[in-house]
Amino acid sequence: MSQASAYAAYSADTPLAPFTFQRREPRPDDVAIEILYCGVCHSDLHFARNDWGMTRYPIVPGHEIVGRVTAVGSEVTRFQAGDLVGVGCMVDSCRQCQACRDGVEQFCLEGFTMTYGSDDRQDGTFTQGGYSDSIVVSEHFVLRMPEGIDLASAAPILCAGITTYSPLKRHGVKAGHKVGVIGMGGLGHMGVKLAKALGAEVTVFTRSAAKVDETKRNGADHVVVSTNATQMEAVAESFDFMLDTVPVQHDLNPYLAVLKYDGTHILVGLLDPIEPTIEAFNLVFKRRVLAGSLIGGIEETQELLDFCAEHGITCDVEMLDIKNINEAYERMEKGDVRYRFVIDMATLKGNAAG
């Protein structure tokens, strides 16, 4: 085993602080990785503060990991020391069920093993994430970073990017489609870029008129202020898809009303109960579909990384010294980031626990 340096949450109501723990020695199918960059996801904040009631402490968050291979197990064939790689939200699954055989490991019937906060399937140890200097992951769940991609801004592609790309591809978004993106945060701005690259005409729906110029600068063809009844009426029954990235409860009915018949509203941000109640006629009378989506499988995530490299798509990031992670969490709660924090893990060297 090797000692890893990290930042961890020790409880739900204390700041993240330096932490050391043991990483396993590589198994025959494992890849050992020196972490260079790690994105900061809103899920990290939820986990650190036990908002979902499932956190065990201490917990090292981080599931948007980019790094360099330092060693490989004897059975590894796709990677070697020195390769630039990524690790996203999953580090294992049962690999036997129908979902895993179909390449959608995120829907593993036994539940996928999370990059942090899960029990390892083989030895029962607790998985710890990417706010650390190293990680060891099975080859199957390691992603190749394509040539030319910007490593720091690629980190959030492994979560925010795949969360928006997977449903766009699954539902066949292409040229000629009109896509609405609800919300313009970490997920939303990636949804705009990816839908545009797939050929769609993209409109961002925002509650704030102050965000109109900013949204257009980020590539949207149009902007609708959703609190403006006149603007909402003007786009009624005109969209093929609505990509809903808002993570808090909000009224879906006005957005369902802007879909064409056979249109699809896709939830990728909300995990709480839907409130207020959906009016069924908004679905029934126009044969509309309300759908959900969760990250993407490993093959699809690799496809996304290659797609982003080919099209020059990056996530807009603000680089972070790890000593400022608690301030970043406070800013993230206020929506004060455009659009994703990424930790430069080189800053850990001067801030690690002694």
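Colleague: Which residue with a positive phi follows H11?
Modeller: The model is predicted: local features need pLDDT of at least 70, side-chain atom pairs count only at pLDDT 80 or more, and totals for chains, interfaces and linings use all residues. Residues are numbered from 1 along each chain as its sequence is written, and side-chain values use heavy atoms, with hydrogens and water left out. Helix H11 consists of residues 325-333; helices (H or I, at least four residues) and strands (E, at least two) are DSSP runs, numbered from the N terminus. Phi is near 75° in the residue that follows H11, namely Gly335.

Colleague: What arc around the axis do the buried residues of H11 cover?
Modeller: In H11, Ile325, Ala328, Tyr329, Arg331 and Met332 are buried (under 20% relative accessible area, with exposed over 50% and partly exposed in between, for a 1.4 Å probe and protein chains only). The arc, taken from the directions from the helix axis to the C-beta atoms, puts these residues on the same side of H11, because it spans only 165°.

Colleague: Which elements do the buried residues of H11 pack against?
Modeller: Contact here means heavy atoms within 4.5 Å. The partners of the buried H11 residues include helix H1 (42-48).

Colleague: Which residue does a cis peptide bond join to Tyr339?
Modeller: Most peptide bonds are trans. Tyr339 is placed in the loop between H11 and S17. With omega about -5°, a cis bond joins Tyr339 to Arg338.

Colleague: What is omega of the cis peptide bond between Glu275 and Pro276?
Modeller: Pro276 belongs to the loop between strand S14 (259-267) and helix H9 (281-284). The cis bond that joins Glu275 to Pro276 has an omega of about -5°.

Colleague: How many of the residues of H4 are buried?
Modeller: The buried residues of H4 are Ala160, Gly161, Ile162, Thr163, Thr164, Tyr165, Ser166, Pro167 and Leu168. They pack against helix H5 (186-197), strand S13 (239-244), S14, H10 and S17. H4 is therefore largely enclosed by the rest of the structure, its buried residues numbering 9 of the 11.

Colleague: How many charged residues does the contact of H4 with H10 have?
Modeller: Gly161, Ile162, Tyr165, Ser166 and Lys169 of H4 meet Glu300, Thr301, Glu303, Leu304 and Phe307 of H10. Ala, Val, Leu, Ile, Met, Phe, Trp, Tyr, Cys and Pro count as nonpolar, Asp, Glu, Lys and Arg as charged, and the others, Gly among them, as polar. By class, the contact has 4 nonpolar and 3 polar residues, while the charged residues number 3.

Colleague: How many residues apart in sequence are the parts tied together by Tyr165 and Phe307?
Modeller: Rings of Phe, Tyr and Trp (its six-membered ring) pair if their centres lie within 6.5 Å; planes under 30 degrees apart count as stacked, over 60 as edge-to-face and the rest as tilted. By this rule there are 7 aromatic pairs, and that of Tyr165 and Phe307 is tilted, at 5.6 Å centre to centre with 45° between the planes. Both residues, Tyr165 and Phe307, are buried. Tyr165 lies in H4 and Phe307 in H10, so the separation of the parts, in residues, is 142.

Colleague: Is the pair of Phe205 and Tyr255 edge-to-face or stacked?
Modeller: Phe205 and Tyr255 are buried. Phe205 lies in strand S11 (residues 201-206) and Tyr255 in helix H8 (residues 253-256), so the pair ties together parts 50 residues apart in sequence. The ring centres of Phe205 and Tyr255 are 6.1 Å apart and the planes are at 85°, so the pair is edge-to-face.

Colleague: What is the relative accessibility of Asp262?
Modeller: Asp262 lies in strand S14. Asp262 has a positive phi of about 65° although it is not a glycine. Asp262 counts as partly exposed because its relative accessibility is 35%.
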